[in-house]
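Hello,

Here is the model I promised to pass on.

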Amino acid sequence: MIYTIQNEFLTVRVEDLGAQLSSIQAPDGTEYLWQGDPDIWARRAPILFPFIARLRENTYYLDGQPYAISTHGFARDMVFSLADQGENHISRLKKCHRVENRSDKDMYYELGAHDGFRAPVEPGVPMSSWSIRLPGVERVQFYGMDESCTLTPKGEAIPLEDGKLPLTPSTYGLDTMVLDRPPRATAQLVDDWGHPRVSVEFPDFDYLGLWTADKPFDTGYVCIEPWSSLPDATFVGRELSQKAGVRRLAPGESEELSYLTTINHREKEEKG
């Protein structure tokens, strides 16, 4: 089932399967969210919980015992129930995730976003003319990745011009660009005029992933992914408690992690 909220600035639709966004539209019909394509990437904006990305051998260890789980965890494939619905009042979208430990043991978890945004949103514009900007960042150090998509230690620092990164991670020989949270905890999708069209602010999340499918053609989207922890890495142990950034809740505890997405729409006639 699809639920809709809208105002004069945006129409936002959310699907009960995975509680993922299914559409973000401006008043003139411009779609900002990737709409899925099975030949490129079929999903749109899945929630990653309780794990981010792949685990070595699809296995994690808790108190020495191995357990199997699929890539990105199970939340993206679950059907969620609507708890409450109201109208949004500005051109921002806040996604708030509440995690609660209902067991009698400590609970370890990871939480990540995987929101795909169209890039570009206008026809006839090459994907290469858009970019990701990290405001205030002059150089970055990405975590590496081995052949099994397990993270390896950071590589050399790469200088940036105006904080901009190309939309294709493979530019740096990576499947996904993974880095520590930038100082301003903000990533912007910037158009060919240099204007930020999508801004994601994520102070509650310690890491950032940037990804699009590695294809010999423009995929037309990029994912901006705030992550609470790093995916499985060669430089950490196999126990959950040893993972980089893993979060822990005591029995009965809960916490909320949120991030804010702002759509900076430009009317089509402005480019005429």
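Below is what turned up, point by point.

This is a predicted model, in which local features need pLDDT of at least 70, side-chain atom pairs count only at pLDDT 80 or more, and totals for chains, interfaces and linings use all residues. Numbering runs from 1 along each chain as its sequence is written, and side-chain values use heavy atoms, with hydrogens and water left out.

Let's start with the backbone. Two cis peptide bonds are worth a look: Phe49 to Pro50, with omega near 0°, and Ala119 to Pro120, with omega about 5°. Pro50 sits in the loop between strand 4 (47–48) and strand 5 (59–62), while Pro120 is in the loop between strand 10 (115–118) and strand 11 (131–133). Strands here are DSSP runs of E, at least two residues, numbered from the N terminus.

Positive phi values occur at Asp63, near 55°, and at Ala185, near 50°. Buried means under 20% relative accessible area and exposed over 50%, with partly exposed in between (1.4 Å probe, protein chains only).

Phe74 falls into that middle class, at 41%. This phenylalanine belongs to the loop between strand 6 (65–68) and strand 7 (92–100).

Best wishes

Terms used. Helices (H or I, at least four residues) and strands (E, at least two) are DSSP runs, numbered from the N terminus.
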